[in-house]
Each structure stands twice: as C-alpha cells, then as structure tokens.
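Thanks, everyone. Let me put the model on the screen, and then I'll walk you through it.

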Amino acid sequence: TEFEVYEEIEKAFGMNVVGLEYLPEGVTFLDYELDSTLKRAYLFYQCQNSILEYRISFSPTEQAIGYQVEDQLLNEQTLNVNGTPITLKSYETSGSSEILHVANFEYQSIYYTITGNLSDAEMKEIIKNLYFL
C-alpha cells in the first residue's frame, strides 16, 4: 500500500518525508521505485489516462540536475505551505492540448517534485494539503 511505501522510504533513507495527504477523486496509487544508490524515490499514481509522479530526492546533486521541460511555460507562481515556498509551473505540452504542472520544493534538505496533467485547481489542492512532519 501507499502507507507501506512511505515507511519503506523512511527506513531506506532514515528520514521522514512529506506525504501526499490529498489526491483528487479517481487518482490511485500505481507503483513506486526506490534507488538507494542515487538516493531517490519515485511514487506513481494513475490519473485518468496519465501519470502523476511524486519524486523525492535525498541528494543535492540530483536537484542540481533539475527537472527540464522543453514545453512552453505558461505560468509560474510560488505558493507558501507550512512556511515552505513551493514553485508551481504550468507548461503547454507540444502536440497536445494538455497542461503539465510541475511543483518543486525543498523541505529539511530533501528535494521534492510533483508532476502531472491535472487541472490547476487539483494541483493546488494537492500542494495545499501536503503532510509535513
């Protein structure tokens, strides 16, 4: 289960991580990957016909690489949740009418990225309901 995955991440890396407390209706946990060598975890969620990805990186080197999107930036804003600034960018995806949202933040020296083709309102609701320990 998703709860067991969070426990496995905490056990593998020795740290509590920010959890996704809210998911829109119809979004379900799909799978995960843990890479202790590269110090990162990925959680994947099925979201209608696309995937919502939650990336957790325990390595500043991974964050320095960043998340590159070659699509056109439509909007960028910073949301403050639990005293943590979260950058939310919206991109127009080439060859599609869908909007890709990418949220990035750092909390307790851990780097997080959430990406998905959700609506702006759904993505903001996920961000506003992050579970900080």
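I'll take a hairpin, a helix with its salt bridges, and a pocket.

First, the ground rules. This is a predicted model, where local features need pLDDT of at least 70, side-chain atom pairs count only at pLDDT 80 or more, and totals for chains, interfaces and linings use all residues. Residues are numbered from 1 along each chain as its sequence is written, and side-chain values use heavy atoms, with hydrogens and water left out.

Strands β2 (residues 27-35) and β3 (residues 40-47) run antiparallel, joined by 8 bridges. Strands here are DSSP E runs of at least two residues, helices are H or I runs of at least four, and both are numbered from the N terminus. Two strands pair if DSSP finds at least two bridges between them. Asp35 has Arg40 in β3 as its bridge partner. There are 4 residues between the strands, and Lys39 takes a positive phi near 55 degrees.

Now helix α3, residues 120-128. Which residues are buried there? Met123, Ile126 and Ile127. Buried means under 20% relative accessible area, exposed means over 50%, and partly exposed is in between, with a 1.4 Å probe and protein chains only. Down the axis of α3, the buried residues fall within an arc of 100 degrees, so they line one face. That arc is taken from the directions from the helix axis to the C-beta atoms. Ala121 and Lys128 are exposed on the other side of α3.

How many salt bridges does the structure hold? It holds 2. The criterion is a side-chain nitrogen of Lys or Arg within 4 Å of a carboxyl oxygen of Asp or Glu. One joins Asp120 to Lys124, with the closest N and O atoms 3.1 Å apart. These two sit 4 residues apart in α3, about one helical turn. Asp120 is partly exposed at 30% relative accessibility, and Lys124 is partly exposed at 24%. Another joins Lys128 to Glu125, at 3.4 Å between the closest N and O atoms. Lys128 and Glu125 are 3 residues apart in α3, again about one helical turn. Lys128 is exposed at 55%, while Glu125 is partly exposed at 28%.

Last, the lining of the largest pocket. α1 gives the largest share, 5 residues. By class, the lining divides into 6 nonpolar, 1 polar and 4 charged residues. Nonpolar covers Ala, Val, Leu, Ile, Met, Phe, Trp, Tyr, Cys and Pro; charged covers Asp, Glu, Lys and Arg; the others, Gly among them, are polar.
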